[in-house]
Amino acid sequence: MIEVENLTKRYGSTLAVDHLSFHAEAGEVVGLLGPNGAGKTTTMRMLTGFMPPTEGTARIAGHDVFRESLEARKRVGYLPERVPIYPDMTVRGYLTFWAELRGVKQPKAQVSTVLEQVHLRDRQNTLIRNLSKGMRQRLGLAQALVHDPPVIILDEPTIGIDPQQVIEVRGMVRSLGQKHTVLFSTHILSEAEQVCDRVIIIDRGRVLAQGAPVSLRQQIQKGTHLYVQISGANAATIQRLLEALPGLESVMPTGDGFTVRTRSKDDLRGEIAQRVVQAGYRLLELRPVAMTLEDIFLDLVQREEAR
Ligand SMILES: Nc1ncnc2c1ncn2[C@@H]1O[C@H](COP(=O)(O)OP(=O)(O)OP(=O)(O)O)[C@@H](O)[C@H]1O
Ligand SMILES: [Mg+2]
């Protein structure tokens, strides 16, 4: 549904998007995950035909976004980073305007459908100026959906809204995946993990890793993380004992204990238990810790920067 090949954007001397390639299949929810300035918005603006690439191609439902711009645009709905607002229009008026602009056959019925979808039906006659930020965001989402496009592109749809609305918008994005191909951007890793079938991690315009959240973790995580809590000696002594273990990457004080990172996937639990008991200390806790996408992300970005 979305095919991106070597997509590149240069602003003067800034390489905002650097030979980016990825794809999204029908019915997939794909997250574009990256820190500020990673190139998420620039990529989305090229995909939605707002800006030509410096190099490379992008296709939406088989149509080149530049050579067949009109055909491609018909098939995509876009919630930009900053939703353009028309404060003096009503909610329904605004959506009807967009529906007619895009040649929707039964604008009235279609507007009612999307109002229902984004839970704004009871606000249809409210002026946009009187909507809360979260409601405006959902109105932006409705605008992206009003012509029922197969592909939906959402640029950080949950930014700047309260936690309750964040949950609501995430739920909407997830359910959009039943009928549409969704590409959405975020810098919140747990959000990508919750909402996406597949995550593409980008930084400085390049893909660092991609895959289902679970397999990404397995792909990238080289060693294992263990949480260990020991009593019977002071923290410095315990840290030295742990640091003497073979195959260790690092030992970090965490809460009342330590997080031990190993270099390989070898299970060090037996070895740790034995040494603690031999030293005459008590082992209070020893368990593997799942690496979060946050950890993976930091790991990747640091590895990249070290290159
Ligand atoms: N119009 C522009 N002119 C010059 N440089 C730009 C322009 N738009 C973006 N950039 C630069 O391109 C890079 C990528 O920016 P982009 O807005 O695509 O990142 P982003 O991932 O969307 O970031 P954020 O999370 O802050 O929204 C940044 O270095 C940015 O400064
Ligand atoms: Mg952005």
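Helices and strands are here DSSP runs, helices (H or I) of at least four residues and strands (E) of at least two, numbered from the N terminus. The structure described is a predicted model.

**Overall architecture**

The protein chain holds eleven helices and 14 strands. Its C-alpha trace spans about 80 × 45 × 30 Å along the principal axes. The chain has 307 residues, of which 49% count as buried. Among contacts with a separation of 6 or more, 68% are accounted for by residues 24 or more positions apart.

**Two residues with positive phi**

Most residues other than glycine have a negative phi. A61 is not a glycine, yet its phi is positive, at about 50°. This residue lies in the loop between β4 (55-60) and β5 (63-64). A61 has a relative accessibility of 27% and therefore counts as partly exposed.

D148 likewise has a positive phi, near 50°, and is a residue other than glycine. The loop between α5 and β7 (151-155) contains D148. With a relative accessible area of 39%, D148 is partly exposed.

**The magnesium site**

The magnesium ion (ligand 2) is coordinated at 2.0 to 2.2 Å by T41, through OG1, and by E81, through OE. These two residues link distant parts of the chain, being 40 residues apart. T41 belongs to helix α1 (residues 40-47), whereas E81 is in the loop between β6 (76-79) and α3. The relative accessibility of E81 is 33%, so E81 counts as partly exposed.

Two packed helices are described by the angle between their axes and the distance between the axes.

| Helix pair | Angle between axes | Distance between axes |
|---|---|---|
| α3 and α5 | roughly 25° | within 9 Å |
| α5 and α6 | about 15° | 10 Å |
| α3 and α4 | about 125° | 9 Å |

Helix α3 covers residues 91-101 and helix α5 residues 133-145. Angles under 35 degrees count as roughly parallel, and α3 and α5 are therefore roughly parallel to each other. Their crossing is right-handed. From α3 the contact is made by V91, Y94, L95 and W98, and from α5 by L139, A142 and Q143. The residues of this contact divide into six nonpolar, one polar and no charged.

Helix α5 also packs against helix α6 (residues 163-176), with the two axes 10 Å apart at an angle of about 15°. That angle makes α5 roughly parallel to α6. The crossing in which α5 passes α6 is right-handed. On the α5 side, G134, M135, R138, L141 and L145 take part, and they meet Q165, E168, V169, M172 and L176 in α6. By class, the contact of α5 with α6 has six nonpolar, two polar and two charged residues.

Helix α3 has a further partner in helix α4 (residues 107-117), with an angle of about 125° between them. That angle makes α3 oblique to α4. The crossing of α3 and α4 is right-handed. The contact brings V91, R92, L95, T96, A99 and E100 of α3 together with P107, K108, V111, S112, V114 and L115 of α4. The classes in the contact of α3 with α4 are seven nonpolar, two polar and three charged residues.

V91 and L95 of α3 belong to the contact with α5, and V91 and L95 also belong to the contact with α4.

**Two residues toward the end of the numbering**

Q229 is placed in strand β11 (residues 225-231). Its relative accessibility is 17%, and a residue under 20% is buried, so Q229 counts as buried. Not counting residues up to four places away in sequence, Q229 touches D256, G257, R282, L283, L284 and E285.

L241 has its place in helix α9 (residues 235-243). Its contacts, leaving aside neighbours within four places in sequence, are with R275, V276, A279 and Y281.

Methods: Residues numbered from 1 in each chain as written. Chains lettered and ligands numbered in written order. Predicted model: local features only at pLDDT ≥ 70, side-chain atom pairs only at ≥ 80, totals over all residues. Heavy atoms only, no water. Axes fitted to C-alpha atoms, helices over the stretch in contact; angles between N-to-C directions. Parallel < 35°, antiparallel > 145°, perpendicular 65-115°, else oblique. Left-handed = near helix turned anticlockwise from the far one by under 90°. Contact = heavy atoms within 4.5 Å. Nonpolar A, V, L, I, M, F, W, Y, C, P; charged D, E, K, R; others polar. Donors = N, O, S within 2.8 Å, 3.2 Å for Na, K, Ca; no water. Buried < 20%, exposed > 50% of the residue type's maximum accessible area, 1.4 Å probe, protein only.
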